[in-house]
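Colleague: Please take a close look at one part of this model for me. I would like a single connected account of how its pieces sit together.

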Amino acid sequence: MFDYKSALKKVPHKPGVYQYYDANGELIYIGKAKDLRNRVASYFINDNFKVNAKTKVLVSKIRSLTFTIVDTEIDAWLLENSLIKKHQPRYNVLLKDDKTYPWIVIKNEVFPRIFATRRLIKDGSKYFGPYPSVSMMHHILDLIRETYQLRTCNLALNKQNIEAGKFKVCLEYQIGNCKGPCEAHQSEEDYNRQIEEIKDILNGKIGAVLRALKDQITEEASRLNFEEAHRLQRKYELLERYQSKSTIVNSSITEVDVFSIASDEKISFVNYLKVMHGTIIQTQTIELKKRLDESDEELLSIAISEFRARFNSTSKEIIVPFELELEDENVKFTVPKLGEKKKLLELSQKNVLFFKKDKIEQYEKLNPELRTERLLLQMQKDLRLNQLPRHIECFDNSNFQGKYPVSAIVVFKDAKPSKKDYRHFNVKTVEGPNDFATMEEAVFRRYRRLLEEGEALPQLIIIDGGKGQLSSAVKSLKALDIYNKVTVIGIAKRLEELYYPGDQYPLYLDKKSETLKIIQHLRDEAHRFGITFHRKKRDQGTLKTELEMIGGIGKTSAEKLLKHFKSVKKIKEATEEQLLAVVNKKQAMAILSFFNQKSLPK
């Protein structure tokens, strides 16, 4: 076993990164801490740390630890991220995003070329990106090529080669896509002015480029150089159109990073927006697979570090959906309550929720059982249950003006109807229209039988009705001594109101929630199943009354006839011989006479 007490004596009360190793010397976990000793101790002292099952497994495998001291918590945060990416320990969050994204590069050369690349070379070139959407990157490159006349060749255009006349202009020059710097038709100064404008566009400073262009248009027009003014005007319109598609916030928001997170039990998704001068210039969503039931705060911290490193962000302000325990005098964390920054956060949240929904739908198509588990976990959370509601039963009563009362029960298993388990109840102990007593009888009979037969009880019982019906169901559950073994709730007439026994205030669920949809399905099934049985019983009652109008046919004989012939129509069509199979000769003659008389024209 690991002697953590001895190991702790060597760990200082300073910020840093700690690393856990197993019996084979394999690195299994990396973590960061504002106070290394307190954080490491928290894994082994249960009173100070809410240890979940996965963390217990991790702790049981620890045999040694190392640590690295840093100056600040932010430094620990950055170091943790780089070490996790390098070593990918078994129990750390898995960043499911190993694609190589494209960049736009402005090469470090005379008359710089601009093109897309997936390789970052440290040669002094300027890289913009990465772009998670290849189509978005090509859209920007197309705009640059349409707006600016840049070379696309890879010739070594240094001063000596150009003056020596080593190159000749190509077709790109002839069709107006290049100004021909290879033959000195364009100066390096003029070319570099274009490059600076392009850098501003890629950095989101389109407004500054547009203002400069407007001044140039005015100047060329005043010189009566209308052809050049027209070319600049077209360039202005292209950039303005691009800006109108890109700008979504106030231009006063100069440089911020925006993050939001959406999680379920096993996976989290984090969205990132990079905003420069009121324009979103980069956006991406990543997936993080949980390993130790990490909190949203921990996961968001990991993602922020990853995104800022990936996009080379130096933004001094980071917009987040909740407070983070990160302190850095060079970075300000903002949780906006209103205004433009709040709109930015909401936009990020919309993106992450859409991404989460899309990803989960993809997973569930491949693995339908995942959807079932997710729905049950969501129901457990929404309805405050202490176990997954794999077996749900729903009761509904039906009667017609107090007559023909029946109860119906429908059963859902793993959030789907189990029709072979549906049951009807003919009410036996209730006289007249008493819905509460009918519910009490049905619930009692149902669970008395399950107990007698040794069948499993449901995890959730739903009563279609208000507080009265719910109280009646509770009486029966208490009488059977199973009230504390199951959860029972009532549905009010307005479906979004759910009642718990003894709670005067209803629970309201979102009308779009999947939990409510399943409850609605249960209630509708119970209602349909109960109404079908009720109508059949009512119709049989009406038919029996009609048969009892025949002299010599009583209640018992009417029931026998209906049971044998199934309907009054078939009784009408029956021959004397067929009737004698059920009733005596006198009754058979009475039936034939009764229906023949009814069919005679008046």
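Modeller: Contact here means heavy atoms within 4.5 Å. The model is predicted, so to speak of local features pLDDT of at least 70 is needed, side-chain atom pairs count only at pLDDT 80 or more, and totals for chains, interfaces and linings use all residues. Residues are numbered from 1 along each chain as its sequence is written, and side-chain values use heavy atoms, with hydrogens and water left out.

In helix 8, Glu 197, Asp 200 and Ile 201 meet Ile 206, Val 209 and Gln 216 of helix 9; helices are DSSP runs of H or I with at least four residues, strands are E runs of at least two, and both are numbered from the N terminus. Three residues of this contact are nonpolar, one is polar and two are charged (Ala, Val, Leu, Ile, Met, Phe, Trp, Tyr, Cys and Pro count as nonpolar, Asp, Glu, Lys and Arg as charged, the others, Gly among them, as polar). The axes of helix 8 (residues 188–202) and helix 9 (residues 206–222) come within 7 Å and cross at roughly 140°. Axes are lines fitted to C-alpha atoms, for helices over the stretch in contact, and angles run from 0 to 180 degrees between N-to-C directions. The two helices, helix 8 and helix 9, are therefore oblique to each other (under 35 degrees is roughly parallel, over 145 roughly antiparallel, 65 to 115 roughly perpendicular, the rest oblique).

Helix 8 also lies across strand 5, strand 6 and strand 7, at about 155° to strand 5. These three strands form an open antiparallel sheet in the order 6-5-7, where pairing takes at least two DSSP bridges between two strands. Strand 6 (114–117) and strand 7 (126–128) are the edges, each pairing on one side only.
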